[in-house]
Amino acid sequence: MTHELTAARPADPTGRAAGWWRDAVIYQVYVRSFADGDGDGIGDLRGVRERLPHLARLGVDAVWLTPFYLSPQADGGYDVADYRAVDPLFGDLQDADDLVRTAHTLGLRVIVDLVPNHTSDRHRWFLAALTDRPGGPERARYHFRPGRGRDRSEPPNDWESVFGGPAWSRVREPDGTPGEWYLHLFAPEQPDLNWEHPEVQAEFDSVLRFWLDLGVDGFRIDVAHGMVKAPGLPDIGHREQVQLIGSQVLPFFDQEGVHEIHRGWRRLLDSYEGERIGVAEAWTPDSERLARYVRPDELHQAFNFRFLNCPWDAPSMRTVIDESLNATSAVGAPTTWVLSNHDVVRHATRFAEGDPQRGQRRARAAALLMLALPGSAYVYQGEELGLPEVTDLPDEVRQDPSFFKENGQDGLRDGCRVPLPWSGQEPPYGFGPGGSWLPQPSPWRQLSVEAQTADPHSTLELYRAALELRRELPGLGDGPMSWLPSPEGVLAFAREGLVCTLNTLPHPAEVPAPGRPVLSSSPCPEVGRTALIPADSCTWWAT
């Protein structure tokens with residue numbers, strides 16, 4: 001099957017106005033954990049398609065799918081062996097085509113993951129490199145180097161893998177002797193590509209066109225800051241380098257050359273009708289450097305990880321919000337807000353500080369804050385259900401490669417990837433007919449979509465109400481905001497026709513009632529001309 005089976009798409013499949021991405025709410029689907037359509041216990045494209053009505057009812061504008069390409073699954077599909085094929089674990093190209101068509105029918109756009117920093121070690125290019133000689137042309141698409149030391153037994157430099165251990169692995173040459181080393185900033189099964197090689201650039205242009213022709217509306221670009229390495233691959237001279245990511249420019253991240261790659265992709269995206277977009281996953285030291293990825297001739301959005309990592313503290317939140325808005329507005333781009341994703345502890349647990357109820361209150365309040373801010377927002381699957389991190393998974397079921405390494409990521413990514421609960425009183429709670437690839441906690445029966453639907457106090461109904469109001473109120477989404485005077489520990493800002501107040505304190509806070517309350521994460525009774533805002537809560541007021 002090829003993309004030729006797909007009929008031509010309308011320029012705007014959802015009928016929305018231009019610039020849809022500037023204030024879109026985009027829902028992240030971690031495919032293997034969303035819904036299982038074939039009964040093997042692993043989520044797939046058919047399962048996603050069958051559950052798309054949930055997303056349409058929720059009120060999001062688009063869905064972002066994590067990788068479903070052919071892969072040995074050494075890192076959850078982020079080790080791609082063939083960028084134009086669907087892994088049988090998730091279905092086939094027809095399933096992908098059906099999903100895109102169904103989404104467009106429901107008014108949802110589809111964004112797919114692009115993994116350009118590295119391939120799988122099972123990719124045809126890397127297999128050819130292993131059989132080539134040192135310095136041979138097949139190795140030029142990757143970063144192969146001789147080792148250091150008398151017998152070349154030491155890595156070429158001191159770079160460390162994000163997952164722990166050296167960022168280099170040594171190969172055996174075709175004659176069986178120990179040979180060159182290859183670079184992998186992540187798992188050894190994920191060799192880094194050499195983006196100075198013209199074939200690499202041409203191949204990814206072709207991959208983008210393949211999926212754009214099939215009808216997808218854009219790409220989330222994995223490790224968008226990582227494709228270009230500093231000339232000479234210099235030593236860093238520091239251990240525990242993963243702690244430096246996002247705090248300073250490193251010779252393997254946020255190099256100037258990545259921007260020319262993104263400019264080329266922007267030109268390619270703009271050559272298609274329907275406002276196709278690129279979204280950067282980029283870790284940078286500050287908001288100003290992040291804004292460089294969304295300059296007018298580069299990508300459309302970049303995840304705001306500073307907001308994700310911000311503590312539950314009003315002054316810190318205001319600083320991050322101000323710096324983020326100032327940086328993106330300087331280049332004419334929207335800010336993109338996010339609270340959770342498939343790589344971090346869920347925010348209901350991060351905000352809990354040991355108290356699950358407090359975590360739930362803060363998570364609900366943070367959602368209303370995020371959805372009231374100017375720009376676009378991302379919702380990670382299950383946060384609309386208030387799902388916490390699963391912190392007690394048995395070691396024998398874990399699959400995160402960083403769990404098996406030292407000094408890498410914390411190895412807890414499996415805990416935010418547990419399959420969703422949809423319905424029923426017993427596992428797998430409607431996830432599929434064949435169990436689930438990670439065990440689900442028994443309390444999740446109370447957090448399923450079925451259990452929360454029509455419950456006016458549930459987190460699901462709070463999200464549905466917030467997203468409905470976001471569409472109805474003209475002041476929400478893209479546009480200006482202004483801060484209002486507020487007591488210590490409280491944030492208050494105005495949008496057109498609306499005021500948002502957030503109380504980060506562990507006790508109620510009294511503020512002048514700015515209008516009529518239309519939505520609150522906790523009950524917010526008015527007291528005359530003042531309102532007593534509950535602890536850890538957020539309220540929207542119509543003005």
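Select Leu 45, Val 48, Arg 49 and Leu 52 in helix α2, and then Asp 95, Ala 96, Asp 98, Leu 99, Thr 102 and Ala 103 in helix α3, and you have the residues through which α2 and α3 meet, where contact means heavy atoms within 4.5 Å. By class, the residues of this contact are six nonpolar, one polar and three charged; Ala, Val, Leu, Ile, Met, Phe, Trp, Tyr, Cys and Pro count as nonpolar, Asp, Glu, Lys and Arg as charged, and the others, Gly among them, as polar.

Before going on, note that this is a predicted model, in which local features need pLDDT of at least 70 and side-chain atom pairs count only at pLDDT 80 or more, while totals for chains, interfaces and linings use all residues. Residues are numbered from 1 along each chain as its sequence is written, and side-chain values use heavy atoms, with hydrogens and water left out.

Now show the whole of α2 (residues 45–58) and α3 (residues 93–105), which pack at an angle of about 15° with their axes 9 Å apart; axes are lines fitted to C-alpha atoms, for helices over the stretch in contact, and angles run from 0 to 180 degrees between N-to-C directions. That angle makes α2 roughly parallel to α3, since angles under 35 degrees count as roughly parallel, over 145 as roughly antiparallel, 65 to 115 as roughly perpendicular and the rest as oblique.

Next, zoom out to the whole chain, which has 13 helices and 21 strands; helices (H or I, at least four residues) and strands (E, at least two) are DSSP runs, numbered from the N terminus. The C-alpha atoms fill a box of roughly 85 × 50 × 50 Å, taken along the principal axes, and 60% of the 543 residues count as buried, where buried means under 20% relative accessible area, exposed over 50% and partly exposed in between (1.4 Å probe, protein chains only).

Select Val 216 in the loop between α5 (198–214) and β9 (218–221), a residue that is buried, with a relative accessible area of 0%. Leaving aside neighbours within four places in sequence, Val 216 is in contact with Val 100, Val 110, Val 112, Trp 211 and Arg 276. The C-alpha atom of Val 216 is separated by 9.6 Å from that of Ala 96, although these residues lie 120 apart along the chain.

Move to His 197, in the loop between β8 (178–183) and α5, which is buried at a relative accessible area of 14% and, beyond its neighbours within four places in sequence, is in contact with Ala 140 and Arg 141.

Finish with some backbone details. In the loop between β9 and α6 (258–270), find Leu 233, which has a positive phi of about 50° although it is not a glycine and is buried, with a relative accessible area of 10%. Glu 240 lies in the loop between β9 and α6 and has a positive phi near 50°, but counts as partly exposed at 46% relative accessibility. Lastly, the peptide bond from Pro 427 to Pro 428 is cis, with omega near 10°, and Pro 428 is found in the loop between β13 (376–380) and α12 (449–452).
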